[in-house]
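Subject: Structure for you to look at

Hello,

I am handing over a structure that you have not worked with before. Please open it first and then read the notes below it.

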Amino acid sequence: MGEKEERMMMTGRHTVVDIFCVGCGSIVGWKYETAHEKAQKYKEGKSVLERFKVSGPDGSSYWANHEVSQHVGGSDADDV
């Protein structure tokens with residue numbers, strides 16, 4: 001995991017750390033360390049993996065099909 005940093009996301013300000021792939025070193029998501037808004041406290045200690053950045057054990061994508069990917073919203077990281 002990376003260093004703690006403050007990020008303004010769609011749901012408010014959070015202290016997060018990036019999560020890296022141990023194989024290639026790419027950032028694949030983040031972990032919420034601190035949520036600064038009371039309504040977002042449930043996120044503390046939780047991690048987010050961006051599905052499009054993670055491959056299955058056989059190297060294939062985790063997307064089931066094209067239709068599914070059209071209905072999935074963006075992540076908070078899109079606003080950074």
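The notes below cover confidence, strands, the aromatic pair and salt bridges, in that order.

This is a predicted model, in which local features need pLDDT of at least 70 and side-chain atom pairs count only at pLDDT 80 or more, while totals for chains, interfaces and linings use all residues. Residues are numbered from 1 along each chain as its sequence is written, and side-chain values use heavy atoms, with hydrogens and water left out.

Confidence

The average pLDDT (the predictor's confidence in each residue, from 0 to 100) is 79 for the protein, and 71% of the residues score at least 70. Residues 66-74 have a pLDDT below 50, and beyond near neighbours in sequence this stretch has 3 contacts in the model (contact means heavy atoms within 4.5 Å). Where pLDDT is low, the predicted coordinates should not be read in detail.

Strands

Strands here are DSSP runs of E with at least two residues, numbered from the N terminus. Two of them pair if DSSP finds at least two bridges between them.

Strand 1 (residues 5-9) and strand 2 run antiparallel and are joined by 5 bridges. The hairpin between strand 1 and strand 2 passes through 2 residues. E6 has T15 of strand 2 as its bridge partner.

Among the partners in strand 3, G29 bridges to I19 and A35 bridges to H14. The hairpin of strand 2 and strand 3 has 6 residues between the strands, and G25 in this hairpin takes a positive phi near 85 degrees.

Strand 3 pairs in turn with strand 4 (residues 47-49), in the antiparallel sense and over 3 bridges. G29 has L49 as its bridge partner in strand 4.

Aromatic pair

A search of the whole structure finds 1 aromatic pair. Rings of Phe, Tyr and Trp (its six-membered ring) pair if their centres lie within 6.5 Å; planes under 30 degrees apart count as stacked, over 60 as edge-to-face and the rest as tilted. The ring centres of W30 and Y32 are 6.3 Å apart and the planes are at 80 degrees, so this pair is edge-to-face. W30 and Y32 are both buried.

Salt bridges

A salt bridge is a side-chain nitrogen of Lys or Arg within 4 Å of a carboxyl oxygen of Asp or Glu. The count by this rule is 5.

One of them links E5 to R7, with the closest N and O atoms 2.8 Å apart. E5 is partly exposed because its relative accessibility is 35%, whereas R7, at 10%, counts as buried. E5 and R7 also belong to a network of salt bridges that includes D18.

Another joins R13 and E6 at 2.9 Å, N to O. R13 is partly exposed at 38% relative accessibility, and E6 is partly exposed at 42%.

K41 and E44 form a salt bridge as well, at 3.2 Å from N to O. K41 counts as partly exposed at 39% relative accessibility, and E44 counts as partly exposed at 30%.

Regards

Conventions. Buried < 20%, exposed > 50% of the residue type's maximum accessible area, 1.4 Å probe, protein only. Helix = DSSP H or I, 4+ residues; strand = E, 2+ residues; numbered from the N terminus.
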